[in-house]
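This report goes through one protein chain and its ligand, element by element. The sequence and structure come first.

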Amino acid sequence: MHAVAIVAAAGSGSRLGAGLPKALVPLAGRPLVAWSVEALRAGGVAEIVVAVPAAQREAFAVALPGVRLVDGGASRTGSVRACLDAATAQADVVLVHDAARPLTPPELVRRVLSALGDGHPAVVPVLPVVDTTVTVDDAGVITDAPPRAALRRVQTPQGFARAVLSAAYADLPPDADLTDDATVVRAAGVPVLTVPGDERAAKVTVPHDLVLAEATVRTTGERASQGAPATEERNEPGVEPMSQVAR
Ligand code: CTP
Ligand code: MG
């Protein structure tokens, strides 16, 4: 199985507000995107294509020596599309990953690859929802509280049979802007399997997330995944054993 990983790193990071593209923001002295690329490599992916902001290509080339870079799009969907077009034809499976998930454990990458190897066309890591989650109307009044037991938080890397992802993207309108690739293939009628995600694969979105990531690196060592047991084995409060996560 030849896997190619696409890393979406072309965002500006407006909610983090660091004054530079989020993927270049340092975590323990290394850019977030370097951590994310290393996680994919450690998880067994040999070919990696990274979507970067066109104006910052030089800085990304310094951060990622020897890694293939392509100019990203105006939306995450556009950036993934650009990488998909640039990936070599030999790849039969594609992982799509956010640069903003620096501490993704390599075993999570392997879990997704393994399910693809079993023949599933689309595979997404998920975690249980620990807070009651509600919908609201325009006035901020609660309209519904969907049963929490059936809800999941979706992470990356998400894995796809290459032909399936390419076909789904080909069917999207040119200006489509989706935060998640599983939504794209599900809209095309493809069943999407979930596998256990990992709290350490959390996305850095707001400044507090970076504080947490720094603390994680400080307390668990160079890469959180090395030496630390996987989340589902740690039996953390609020994290259900993965056997209880819907598949
Ligand atoms: N991304 C991308 N191309 C874009 C927008 C986002 O490749 N045009 C990437 C980001 O670099 C990030 C991932 O998609 O790794 C997830 O998006 P998000 O967390 O929203 O990052 P940003 O869009 O950079 O942040 P913000 O929305 O706060 O500006
Ligand atoms: Mg964004």
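## Ala187 and helix H6

The model described here is predicted. Ala187 belongs to helix H6, which covers residues 181-187. Ala187 has 13 other C-beta atoms within 10 Å, so this residue is classed as partly exposed. Asp171 is 16 residues away from Ala187 along the chain, and their C-alpha atoms are 9.9 Å apart.

## The chain and its confidence

The protein chain contains eight helices and twelve strands. Of its 247 residues, 40% are buried. Among contacts between residues at least 6 apart in sequence, 72% link residues at least 24 apart.

The mean pLDDT of the protein chain is 90, and 90% of the residues score at least 70. Over residues 224-247, however, the pLDDT is below 50; in the model this stretch has 38 contacts beyond near neighbours in sequence.

The largest nonpolar core holds 63 residues. Ile6, Val7, Ala9, Val33, Val50 and Val94 are those with the most contacts inside this core. Helix H1 (residues 32-42) gives the most to it, with seven residues. As a general point, nonpolar side chains tend to be buried together in soluble globular proteins. Apart from neighbours within four places in sequence, Ala9 is in contact with Ala23, Val33, Val50, Ala51, Val52 and Ala99.

How many of the eleven residues of H1 are buried? Eight are, and H1 is mostly covered. The buried residues are Leu32, Val33, Ala34, Trp35, Ser36, Val37, Ala39 and Leu40. Just after H1, Gly44 adopts a positive phi of about 105°.

## Strand E7 and its partners

Strand E7 (residues 122-128) is largely enclosed by the rest of the structure, because six of its seven residues are buried. E7 pairs with strand E12 (residues 193-196) in the parallel sense, over four bridges. With strand E11 (residues 158-161), E7 pairs in the antiparallel sense over two bridges. Strand E10 (residues 152-154) also runs antiparallel to E7, and three bridges join them.

Individual bridges can be named. Val123 has Gly159 as its bridge partner in E11 and Leu193 as its bridge partner in E12. Val126 stands opposite Val154 in E10.

## Gly73 in its loop

Gly73 sits in the loop that runs between strand E5 (68-71) and helix H3 (76-86). Is Gly73 buried or exposed? Gly73 counts as buried, because it has 20 C-beta neighbours inside 10 Å. Leaving out neighbours within four places in sequence, the contacts of Gly73 are Ala10, Gly78, Ser79, Arg81 and Ala82. Gly11 is 62 residues from Gly73 along the chain, yet the C-alpha atoms of the two are separated by 8.8 Å.

## The shell around ligand 1

Ligand 1 is surrounded by 22 residues, of which Ala8, Gly11, Ser14, Arg15 and Ser79 are the closest.

How values were computed
Residues numbered from 1 in each chain as written. Chains lettered and ligands numbered in written order. Predicted model: local features only at pLDDT ≥ 70, side-chain atom pairs only at ≥ 80, totals over all residues. Buried ≥ 20, exposed ≤ 12 C-beta atoms within 10 Å, placed from the backbone. Near = placed C-beta within 6 Å. pLDDT = per-residue confidence, 0-100. Contact = placed C-beta atoms within 7 Å. Core = buried A, V, L, I, M, F, W, Y, C linked by C-beta atoms within 7 Å. Pairing = 2+ DSSP bridges.
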